[in-house]
Amino acid sequence: MLTARELRTAGMKVTLLEQTQIGRESSWAGGGIISPLYPWRYKSSVTALVSWSQAIYPQLAETLTLQSGIDPEYTVSGLLIIDPEDSEQAILWSKSCGQNLQLIDNSEIHTSESSLQINAKNAAWMPDIAQIRNPRLIKSLHAAICNSITIHQNTAVTDLIIDHGDIKGVVTDSGKFEADRVVICAGAWTGKLLRSLDISPDIDPVLGQMIIFKHKPNRVSRIILHQDRYVIPRRDGRVLIGSTLEHRGFEKTTTNQAKHELKTYAIDHYPELSESEIEHHWAGLRPGSPNGIPYIGSVPGISGLYINAGHFRNGVVLGPASCRLAADIILERTPTFNPEDYSLTADR
């Protein structure tokens, strides 16, 4: 939807094809943190997209709220990363990238988040990190674009129409759609669509399971990251806990074991959550890619065919920037970022 929005804003006629319900895959299933987990561990190509998106998100959320009447709940919660093993690297990264990061001790952790029960050596505190309530972002974005963009839901693309190296459209389970430009933004399913080509992206589904507690507002206020799992507080008091990393192909089922592990993790960090009910337990498929670097740009050998996929765990934070770059490339504008860093042939 963000890619379609960028292209429509530039004056193109856009049709969006969705195999199920719009935005109901990894965009809906994720946590909505507007930052990678352990952001200093990523390559500069990811950091460039992150920084641009973080700067644009407040304006994007405000604009979508005005256009749709649905507030995606952009909220600056701050991010507490408990006991990072590479804190010196984090400090060096923050200075080189201009990110607000400071190391705080155990007493400062509890001052920042009083209901958190943990004995930690230190934490990397990033007070400027925000979140967005991604299901509301999807609803807001859908409402904002649906009057200017043709959207076909429950329409699965099954094949590409290619004639002498030129894209001519796509085949779906509902018939053919002709187009002189096609952008593949199919997340974990992207590799399936492009597997017949000489160059196809290295994108595989990676399952993540999450739970959410129905809790009291303002009891949990910070995003917490510890032992590769996170706690995200929503404005209404709900508390989201995630996430597993599982390689089970395209199977998208939840397990009692994961639910128990996530619940135990949550209560170990916030004992008061033992009094709150688990409202929902769900799973989603991330589009896994090498080093989490998305594929953005033209598909070699096929004129008019483009890709914007493979964002792995960071689709929400990378979305605005990656869609701007995709539009730059399609419209042959001066690119906002170096397109070579995200091409299908780039060294990841």
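The model is predicted, so local features need pLDDT of at least 70 and side-chain atom pairs count only at pLDDT 80 or more, while totals for chains, interfaces and linings use all residues. Residues are numbered from 1 along each chain as its sequence is written, and side-chain values use heavy atoms, with hydrogens and water left out.

**The sheet**
- Eight strands form an open sheet with mixed pairing, in the order E4-E5-E3-E13-E14-E15-E12-E16 (strands, E, are DSSP runs of at least two residues and helices, H or I, of at least four, numbered from the N terminus; strands pair if DSSP finds at least two bridges between them).
- At the edges sit E4 (102-105) and E16, each pairing on one side only.
- From one strand to the next, the twist averages 20° (axes are lines fitted to C-alpha atoms, for helices over the stretch in contact, with angles from 0 to 180 degrees between N-to-C directions).
- Helix H8 (residues 256-269) packs on the sheet, touching E12 (204-214), E13, E14, E15 (239-242) and E16 (contact means heavy atoms within 4.5 Å).
- The direction of H8 makes about 50° with that of E12.
- E13 (residues 223-226) and E14 (residues 229-233) run antiparallel, joined by 3 bridges.

**Ser289**
- Ser289 is in the loop between E16 (277-288) and E17 (295-298).
- Ser289 counts as buried because its relative accessibility is 10% (buried is under 20% relative accessible area, exposed over 50%, partly exposed in between; 1.4 Å probe, protein chains only).
- Not counting residues up to four places away in sequence, Ser289 touches Asp202, Tyr295, Gly310 and Phe312.

**Phe337**
- Phe337 lies in the segment after helix H9 (315-331) and is buried, at 10% relative accessibility.
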